[in-house]
Amino acid sequence: MFDYLRRTIVLSSATYRAQRFSRSEGKPATSRLVRAFALVLFPLLFAACSGLRHIPEGQQLYTGSEVILKSPEKLKNEAALQTELESVIQPKPNSSFFGLRPKLYFWGLGQGKEKGLGKFLATKFGEPPVLLKDVKISATTGLITNRLYNNGLFKNAVTHEVKTKGKTAQVDYTATVGRVYTIQEIHFPDRDTLIDGDIRATQSGTLLKVGDAYNLNTFTAERVRIDNILKNKGYFYFNPDYILFQVDSTLNNKINVYLRVKATAPEKATQPYWLDVIKLNTNYVLTDTVTRKPILFRGYQYFPDEEVFKAKAITNATFLYPDSLYRRKRRDQTISRLMSLNVFKFVEIRMKPAVAGDSAGRGRLDVDVLMTQLKKKSLRADLQMVTKNTGFTGPGLVVSYRNRSALRGGEQLLINGTAIAETQTRAPAGAESRNNTGLTSTEFGVSAQLSVPRLVAPNLPILDIRLPNSDFQPRTNFGAGARFITRTGFFSTSNFNLNYGYSWKTKITNEQELRPIDLQYSLVSTTDTFQRILEQRPFLQNSFRQQFILGSSYRYTYNQQVLEQRRQQIFFQGQVEVSGNLAAALGNVVGLPKNAEDRYTLFNQEFSQYTKFDFEIREYYRISANPSSGNRIVARLQAGIGLPYGNSRQRSLPYLRQYGIGGPNSVRAYAAREIGPGIYRPDQSLENAISYYDQVGDIRLEGNIEYRQDLVPYLKGAVFVDAGNIWLANPDPDRPGGEFKPSTFLRQMAIGAGVGLRLDVQFFVIRFDFAKPLSAPYGTPASDAFRLNLAIGYPF
């Protein structure tokens, strides 16, 4: 290969001399030499990278196989059958690309070498040749015949043909089949026994249908279906292998199916079992051999005591009840509920025949629920270096305290404290003044969240607050926080929040959250200099006014990403939020006081009134059928609209609720909140000069598409395109062009594209995205330079 590279250099030099000659003499020498270059170099490269030079003498390189189906009639699901037949062919040929086999070429570089570059390339990137002699033709023919039987094609003949061409060989298989056998009759057990009666009761949901083709996979799935039903009727020792299908063929390619319980099935497998003694051990360790006297609670034997967990909290998450019929669903539900308390590292359930008998002659099981605890309390401190696009840089400290059972009921208490001190080390890009460095900004905050593993609500006739049919623990969440920000010489803000709500899941893919109360209160104090600036910018003044948000929200999430085997996964999230409606209605009824702007106030504070809708949908499509492959196409569409009215008429949404576009998780070619609203472009001599304001709006539309590719272990690549913008719901004379208009909004999208590298070690992802602006809402982008985004985790 290196000889060919040297020849390339010589030919390139010759081409250069010919170009000089053609310019001086006016003769078309260049085109002739280029053609000669292609005719000589390309065959040499192809011969080298095809890998055929490394095939041993007298052997052929196996290049793959094809399965040809011949049938007297059109087969149903023929494409799926073809794929199934081809899947049994072994071995797989060497990977190739347009006839080139670079892995085979690299393997050849290492032959006869113990070390050096050739050995390294062979080890890292090479693969040995798959030869014709490695192909087990007879075994493959048998496997194809077996798959045809499994699909009801009992009359078949499989032949093969070896096609050789030089140093390569291909093996083709031809399967000639007759008519498929179909089901004519289905007979479930007819004996007068308990097990046969319970199996007959499942017949209405059978997967076997008269007229369907015989398919072994369907029969296997039917056994599993029946076993699942029996497991929830007490048949603890039953398993699918105890079900036998007897198939009798008739004329005209028909079969009769008889379902039976095997005569060899043990007696204990054919009777239901009831639960007897249930022990709950919340502090199980492998070396625990101490015998302790249990606490008796609601019929359970509870170990060791209630010092860490109240017995009530654990039994509320336990769905196995003393003296109840064994149901596997309740066993799995108990494990899931206990694990979702987030206080246990492991949960295991062991069952064994009860020592004591049953006066009714029923089978009995004793149950041990063994729980291994996580550490109850933890304290963590993170020292950070904060850098913002506004030029502010400084250290930050975040201290987190967690208690996994704050009230001895599995309540999760999380307290975070934050302290950040920043200094503006450079003026922001585009600012006219370069003398505004040295500004300081400080931030202090504390927040607390208490998550209670139950719904703290009254029992309603139509709702069992335990959600007994859900595998997931419902929660009631309480939150509170305070945040103080000071921008020296300009302003200081104090933000307080208080919220209360519920979250629950009915399925692994579905989650809902309801927040009846979500309060936020902001106090702003400004300097005289900053106040004069606000008076010149009414929209900016609206963002810095004291705000009182009396919000409530509901969010629904549907997420198929938890179904890891699915090739196509959908994520959808929708949320609606309202604020101030109840207070405004109360104001109309009881006559709340109004301020000078004719707006209602509560505790002498004006409150916001609006309705806000947010939607997000993503699609993840894996290119490969291999579930572990990271090669996939990912797309996301986000849309949101906030409508201020009533007490907020002729205004925008509160600043804390407005939308922004740009940044490492949005349109990556632009800085965070740099775009919009609409085609508005801020006066860089003012806003950017002091860098206290981000561009925000009441309406958002954003779309992203990204292709992700595995490169080497733990390193992935990506190519992406982002587009989006924000708009105002009401016109603003200080931000001309910012209002949303249906006829022009699509032409106002900011567009960017780029490439990325991601260091993905499963539990931690470091992302580098290089993005270039292609289009700005106001026309040509101010800069066409690439922007580097460094972030943690994937953007979506």
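## Basis of the description

Because the model is predicted, local features are given only at pLDDT of at least 70 and side-chain atom pairs only at pLDDT 80 or more, while totals for chains, interfaces and linings use all residues. Residues are numbered from 1 along each chain as its sequence is written, and side-chain values rest on heavy atoms, with hydrogens and water left out.

## Strand pairing

Helices (H or I, at least four residues) and strands (E, at least two) are DSSP runs numbered from the N terminus, and two strands count as paired if DSSP finds at least two bridges between them. Strand β18 (residues 510-526) pairs with strand β19 (residues 547-559) in the antiparallel sense over 11 bridges, and here Y521 stands opposite F548 in β19. β19 also pairs with strand β20 (residues 568-579), again in the antiparallel sense, over nine bridges; the bridge partner of Y558 in β20 is F572.

Another set of pairings involves strand β24 (residues 632-644). Strand β23 (residues 610-622) pairs with β24 in the antiparallel sense over 13 bridges, with A635 in β24 as the bridge partner of E619. Strand β25 (residues 699-712) runs antiparallel to β24 and is joined to β24 by 10 bridges, and A639 stands opposite L701 in β25. In a regular strand the side chains alternate between the two faces of the sheet. In β24 the covered face consists of R632, V634, R636, Q638, G640, G642 and P644, whereas I633, A635, L637, A639, I641 and L643 make up the uncovered face.

## Aromatic contacts

A pair of aromatic rings is described by the distance of the centres and the angle of the planes. Rings of Phe, Tyr and Trp (its six-membered ring) pair if their centres lie within 6.5 Å, and planes under 30 degrees apart count as stacked, over 60 as edge-to-face and the rest as tilted. The whole structure holds 21 aromatic pairs by this search. One of them, formed by F106 and F125, is tilted, with 6.0 Å from centre to centre and 50 degrees between the planes. F106 lies in helix α4 (residues 102-109) and F125 in helix α5 (residues 117-125), so this pair ties together parts that are 19 residues apart in sequence. On the scale of relative accessible area (buried under 20%, exposed over 50%, partly exposed in between; 1.4 Å probe, protein chains only), F106 is partly exposed at 25%, and F125 is partly exposed at 42%. The rings of F490 and F530 have their centres 6.0 Å apart and their planes at 85 degrees, so this pair is edge-to-face. F490 belongs to the loop between β16 (475-487) and β17 (491-504) and F530 to helix α11 (residues 528-536), so the contact ties together parts that are 40 residues apart in sequence. Both F490 and F530 are buried.

One aromatic cluster is made up of Y149, F154, Y181, Y214, F219 and F245. There are also contacts of charge with ring, where a charge sits over a ring if NZ of Lys or CZ of Arg is within 6 Å of the ring centre and within 35 degrees of the ring normal. The charged end of R668 sits over the ring of F720, 3.8 Å from the centre of that ring, and the charged end of R708 sits over the ring of F796, 5.5 Å from its centre.

## Backbone geometry

Most residues other than glycine have a negative phi, and most peptide bonds are trans. The peptide bond from Q90 to P91 is cis, with omega near -5 degrees, and P91 lies in the loop between α3 (78-87) and α4. The peptide bond from G676 to P677 is also cis, with omega near -5 degrees, and P677 is found in the loop between β24 and α14 (687-690).

N77, in the loop between β1 (61-70) and α3, has a positive phi near 55 degrees although N77 is a residue other than glycine, and N77 counts as exposed at 64% relative accessibility. D323, in the loop between α9 (311-316) and α10 (328-339), is not a glycine either but has a positive phi of about 60 degrees; its relative accessible area of 47% makes D323 partly exposed.
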